[in-house]
Amino acid sequence: MILKDGTHWEPTDEDIIAWQHSYPDVDVFAELGAMDSWCDANPSKRKTKKGIKRFVNAWLSRAREKGGSPFAQQSSQESSVVPMKKWTQLDDLTHDFMKSESFRNDCLAKFGQYVTYSGERVTNGAALDGAEQIPGGRIL
């Protein structure tokens with residue numbers, strides 16, 4: 001995103017992961033793209049380096065209050081499998097392509113989610129999109 005002083009700002013991976021956890025009903029990447037376009041189109045309202053994270057959090061909070069991103073709602077209604085084109089960086093990082101229970105448990109503990117071999121997203125110890133939860137919070 002272009003800032004008030006003309007420099008560009010990019011969020012860190014840690015910021016993006018934190019926002020994805022804080023705003024699960026919001027498509028963070030789509031909203032960041034919308035923010036970037038808004039900053040480009042509104043030069044007099046661009047943010048400073050000090051204020052950009054507050055701007056991002058406020059924007060994501062408003063998106064959540066409106067019921068989440070239309071992009072995120074659309075993908076959850078289409079299918080139980082998240083298409084690879086709609087994967088976030090976190091989905092790619094937590095994809096269980098080895099079908100490893102220890103990998104899935106590590107991802108749940110560290111990132112709060114993983115993506116199954118077949119592309120179904122499982123989040124925060126709760127199974128989504130048809131994945132099965134077993135006693136003790138472990139996911140099959």
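Colleague: Is T94 buried or exposed, and what is its relative accessible area?

Modeller: A word on the source comes before the answer. This is a predicted model, in which local features need pLDDT of at least 70 and side-chain atom pairs count only at pLDDT 80 or more, while totals for chains, interfaces and linings use all residues. Residues are numbered from 1 along each chain as its sequence is written, and side-chain values use heavy atoms, with hydrogens and water left out. Buried means under 20% relative accessible area, exposed over 50%, and partly exposed in between, with a 1.4 Å probe and protein chains only. T94 has a relative accessible area of 0%, so T94 is buried.

Colleague: Where does T94 sit, and which residues is it in contact with beyond its neighbours within four places in sequence?

Modeller: T94 lies in the loop between α5 and α6. Contact means heavy atoms within 4.5 Å. With neighbours within four places in sequence set aside, T94 is in contact with F103, C107, F111, Q113, Y114 and V115.

Colleague: How many helices and strands does the protein chain have, and in what pattern?

Modeller: Helices (H or I, at least four residues) and strands (E, at least two) are DSSP runs, numbered from the N terminus. The protein chain has 6 helices and 2 strands, and its pattern along the sequence is α-α-α-α-α-α-β-β. Of its 140 residues, 38% count as buried. Among contacts between residues at least 6 apart in sequence, 46% join residues at least 24 apart.

Colleague: Which residues form a nonpolar patch on the surface?

Modeller: Patches are made of residues with over 30% relative accessible area and no salt bridge, like charges being joined within 9 Å and nonpolar side chains (Val, Leu, Ile, Met, Phe, Trp, Tyr) within 5 Å. Accessible areas come from the Shrake-Rupley method with a 1.4 Å probe, and for residues only the protein chains shown count as cover. Here F97, M98 and Y117 form the nonpolar patch, with about 370 Å² of accessible area together. The protein chain as a whole exposes about 8,600 Å², of which carbon and sulfur atoms supply 51%.

Colleague: How many salt bridges does a search of the whole structure find?

Modeller: Side chains of opposite charge can pair when their charged atoms come close. A salt bridge is a side-chain nitrogen of Lys or Arg within 4 Å of a carboxyl oxygen of Asp or Glu. The search finds 3 salt bridges. In one of them, the side chains of K53 and D15 meet at 3.2 Å, N to O. That pair links distant parts of the chain, with K53 in helix α3 (residues 52–65) and D15 in helix α1 (residues 13–22), 38 residues apart. K53 is partly exposed, at 40%, whereas D15 counts as buried, at 14% relative accessibility.

Colleague: What distance separates the closest N and O atoms of D91 and R121?

Modeller: The closest N and O atoms in that salt bridge are 2.5 Å apart. This pair too links distant parts of the chain, D91 being in helix α5 and R121 in strand β2, 30 residues apart. D91 counts as buried, at 1% relative accessibility, and R121 is partly exposed, with a relative accessible area of 22%. A further salt bridge joins the side chains of R104 and D96 at 2.7 Å, N to O, and R104 and D96 are both buried.

Colleague: How far from E120 is the nearest side chain of opposite charge?

Modeller: Lys and Arg count as positive and Asp and Glu as negative, while His and the chain ends are not counted. E120 is buried yet has no salt bridge, and the nearest side chain of opposite charge, R121, is 11 Å away. E120 lies in the loop between β1 (113–115) and β2 (121–123).

Colleague: Which side chain does a polar contact join to that of E120?

Modeller: A polar contact is a pair of N or O atoms within 3.5 Å; within protein, one must be able to donate a hydrogen and the other to accept it, and residues adjacent in sequence count only if both atoms are side-chain atoms. The side chain of E120 is joined to that of S118 by a polar contact of 3.4 Å.

Colleague: Which residues does G119 touch, not counting those up to four places away in sequence?

Modeller: G119 touches V81, V82 and W87 on that count. G119 and W87 are 32 residues apart in sequence and 9.1 Å apart in space, C-alpha to C-alpha. G119 is found in the loop between β1 and β2, and G119 is buried, with a relative accessible area of 3%.
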